[in-house]
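Student: Please pick one part of this model and look at it closely with me. Then show me what lies around that part.

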Amino acid sequence: MIKRTLTIIFILLSIDLTAETYEASTLHNAVSRSETVLGLFTDRWKMLEEKNFYIDVYGKINWTYDFNVNTYNSGSGQYEAVDLNLVRTYGTMTLALPVTGFRNAERDTDLILAVSMAGFHYGLTKDVEIDRGSAGSETTTDYKHSQFFDDIYAVSVLFRPYIYLHTGLIVNNEYVPDEDGTMSYSDPVNSYKKFFISSNVLEMLGLQVNADKSSIEEMKVSVNATMVYTFFSVNAKKSIFLPQIELTYEYIEAYNDDPWDAVWVGDTTGKTSYMDSSEKNSAVLNLLSLKLNQRLSKNFTTETQFTFQYITDDIYLKEESEKIDPSVLKEFHFLFAYEPVLDNTTFKFKLYTGVSWYWDPAVAIHRETGSGYDLWGWILGLDFGTDTIGLESKVVYNYSTELRKLVEAADKWSFEGSLFFRI
Amino acid sequence: MKFIPAILALFLTTTGCSYVSDSIEGAITDRSSFSVNAEYNGVNTVTLTWDHTDSSDNFAGIEIYRTKYPNDEYSEYILIRSTYEDSSHNTSGGDISLANGSTTTYSDSDLPSSYGIYFYRVGFVHWDEDPSDRTSENGYTGDTETDYYNNTDIDSISGYARVLID
């Protein structure tokens with residue numbers, strides 16, 4: 001009954017608007033470029049690095065509904081626009097071994113070795129409506145188009161509070177479902193591996209590099225200015241009311257004249273989706289973010305972020321060959337949360353909502369209402385739990401952090417839930 | 001700490017987390033999980049075969065579904081046979097073999113009047129409560145057929161089997 005109720009709620013909240021019809025590969029490439037298992041892995045570890053634990057298990061599921069995708073109908077023998085849902089699931093399991101025993105306070109030192117497995121699956125599914133007669137209706141799902149399974153196997157060394165180092169292997173597998181909507185997990189149609197390294201020094205400086213054999217694809221450097229201040233200032237006191245300021249620089253090879261890019265780089269003359277790689281231009285997206293987390297009172301907190309961009313070459317919207325004048329501001333978001341400080345308990349509770357503004361050339365293509373390269377968005381979320389077990393959930397519409405992962409989700413509802421268990 | 005070797009062994013033998021998280025999502029959304037084969041004898045019968053069985057305490061029955069409209073893979077599915085007659089769908093009597101979780105075949109002789117390509121699926125249905133909790137407080141009346149309609153859900157469903165009926 002609960003499953004049926006949840007399914008009905010999801011269906012009722014789906015919005016079916018006239019929308020672009022995608023090729024499945026377009027969505028697959030978008031997800032793989034924008035949300036990686038490495039990003040999810042490092043985000044999880046950012047939270048775990050300060051915890052004393054032996055085992056942590058975490059899982060997250062995100063559903064984004066109503067993508068119109070060009071799909072074969074084996075009844076009619078034709079390709080047609082079919083409503084599909086994008087499913088993204090993520091799970092981690094981490095085992096930590098305190099070599100020197102866990103530290104008693106944050107300023108103490110300890111040495112921890114950890115092994116982690118993390119995995120990210122994404123793909124499209126089709127809802128199947130079943131009328132069971134007097135027993136009512138139910139909805140089941142089939143896999144549709146390729147499914148992607150990305151896994152990390154990592155080793156971590158944490159010499160707290162000085163340095164955290166993570167390194168390991170990323171394994172990517174692509175499978176094609178059987179015609180009947182089921183899937184066997186043997187014989188991936190594509191498979192590759194790459195290495196990664198990620199580190200954080202003194203809780204102030206973070207470095208993350210994602211590279212294949214030939215080049216750096218993405219690099220991220222962050223500085224926690226508040227930690228720098230408290231580290232070097234003799235009289236600084238750590239207080240929950242001290243603003244947490246983080247500055248981040250990102251280097252992303254974002255625009256490469258690839259068939260799935262929304263823009264051409266440099267110029268548009270003679271460019272096609274089939275041109276040789278030697279004819280392609282590329283431009284780097286440089287991002288500089290300033291994030292401020294501030295506790296206003298014992299019960300309320302805010303988070304504010306501004307992200308500025310610089311693109312290293314001219315870009316042109318493909319559909320109209322129109323030169324784009326990029327906005328200096330890439331993203332803005334503001335979150336307001338009821339997040340009380342609870343004494344004498346490990347229970348934590350956070351109810352939050354927020355607004356955002358996001359700019360991207362691809363917004364003009366994927367939005368379903370209005371025009372232009374920017375969108376305002378909204379988020380509502382609830383997190384609660386203890387140090388041992390917790391639940392997080394959120395509903396999102398055009399929120400900037402979600403559009404940054406998948407701009408194709410513009411003007412679509414997304415729902416996400418996650419659970420963790422830790423000993 | 002004495003459990004560390006066992007947990008490490010679990011790590012080394014556990015399937016990648018992407019597969020685990022996907023299987024959980026599949027369980028939540030009732031993802032099709034086994035295959036069914038359909039063969040038309042050219043006259044009046046479609047025979048379905050599958051290799052999935054269910055011997056759990058919560059097993060309630062097997063249901064057979066077929067697309068409502070021909071030549072459309074994405075048509076809604078309707079119930080064509082279960083253990084009970086189900087007058088709401090004019091099914092011509094229930095089939096007691098579908099009350100057995102070990103049943104792996106079914107023959108449909110009540111074919112649609114419109115010829116074309118149809119799609120069949122097989123669903124394994126479960127009670128929504130364990131045996132000891134099937135009480136009046138949980139909405140159970142004691143009448144098996146009434147309780148079947150009100151207190152069951154699809155637990156596992158097959159992928160589709162495509163068949164041309166001409």
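Tutor: Domain bounds here come from an automatic or database domain assignment. Chain A is divided into domain 1, residues 16–201, and domain 2, residues 214–423. The C-alpha centres of these two domains of chain A lie 18 Å apart.

This is a predicted model, in which local features need pLDDT of at least 70, side-chain atom pairs count only at pLDDT 80 or more, and totals for chains, interfaces and linings use all residues. Residues are numbered from 1 along each chain as its sequence is written, while chains are lettered from A and ligands numbered from 1 in the order in which they are written.

How confident is the predictor about chain A? The pLDDT (its confidence in each residue, from 0 to 100) has a mean of 84 in chain A, and 88% of the residues reach 70 or more. Residues 1–18 of chain A fall below 50, and this stretch has 18 contacts in the model beyond near neighbours in sequence. A contact means that two C-beta atoms, placed from the backbone, lie within 7 Å.

Our part is the place where the two chains meet. There, 45 residues of chain A are in contact with 49 residues of chain B. Which elements of chain A build its side? Helix 1 (2–13), strand 2 (55–73), strand 3 (78–98), strand 4 (110–131) and strand 5 (137–160) each supply at least two residues. These elements are DSSP runs numbered from the N terminus: helices are H or I with at least four residues, strands are E with at least two. Strand 4 of chain A gives the most to this side, with ten residues. By class, the side of chain A that touches chain B has 18 nonpolar, 16 polar and eleven charged residues. The nonpolar class is Ala, Val, Leu, Ile, Met, Phe, Trp, Tyr, Cys and Pro; the charged class is Asp, Glu, Lys and Arg; the others, Gly among them, are polar.

Two strands pair if DSSP finds at least two bridges between them. What stands opposite A:I130 in strand 4 of chain B? The residue there is B:Y77. Keep one rule in mind as you look. In a regular strand, side chains alternate between the two faces of the sheet.

Now turn to what is packed around this spot. The largest nonpolar core has 30 residues, and B:V36, B:L48, B:I64, B:Y65, B:Y120 and B:A161 have the most contacts inside it. Strand 4 of chain A gives two or more residues to this core, and so do strand 1 (36–40), strand 2 (46–50), strand 3 (59–67), strand 4, strand 6 (116–127) and strand 7 (152–157) of chain B. Strand 6 of chain B provides the largest share, seven residues. Apart from this core lies another, of 29 residues, including A:Y22, A:I61, A:M93 and A:L124. A nonpolar core is a set of buried Ala, Val, Leu, Ile, Met, Phe, Trp, Tyr and Cys residues joined through C-beta atoms within 7 Å. Buried means 20 or more other C-beta atoms within 10 Å of a residue's own; exposed means 12 or fewer; partly exposed is in between, with C-beta atoms placed from the backbone.

Return to B:Y65. Leaving out residues up to four places away in sequence, B:Y65 touches A:I130, B:Y77, B:I78, B:L79, B:I80, B:Y120, B:R121 and B:G123.

Step back to each whole chain. Chain B has three helices and eight strands. From the N terminus on, they run α-α-β-β-β-β-β-β-α-β-β. Of the 166 residues of chain B, 34% count as buried. Chain A holds six helices and 20 strands. Buried residues make up 33% of its 423 residues.

Look beyond the meeting place too. In chain A, strand 13 (residues 300–311) and strand 16 (residues 329–338) pair in the antiparallel sense over nine bridges. A:T304 has A:F334 as its bridge partner in strand 16. Strand 16 is also joined to strand 17 (residues 348–359) of chain A by eight bridges, again antiparallel. Here A:Y338 has A:L351 as its partner.

One last residue. A:E250 is found in strand 10 (residues 244–255) of chain A. Residues up to four places away aside, A:E250 touches A:K220 and A:L287.
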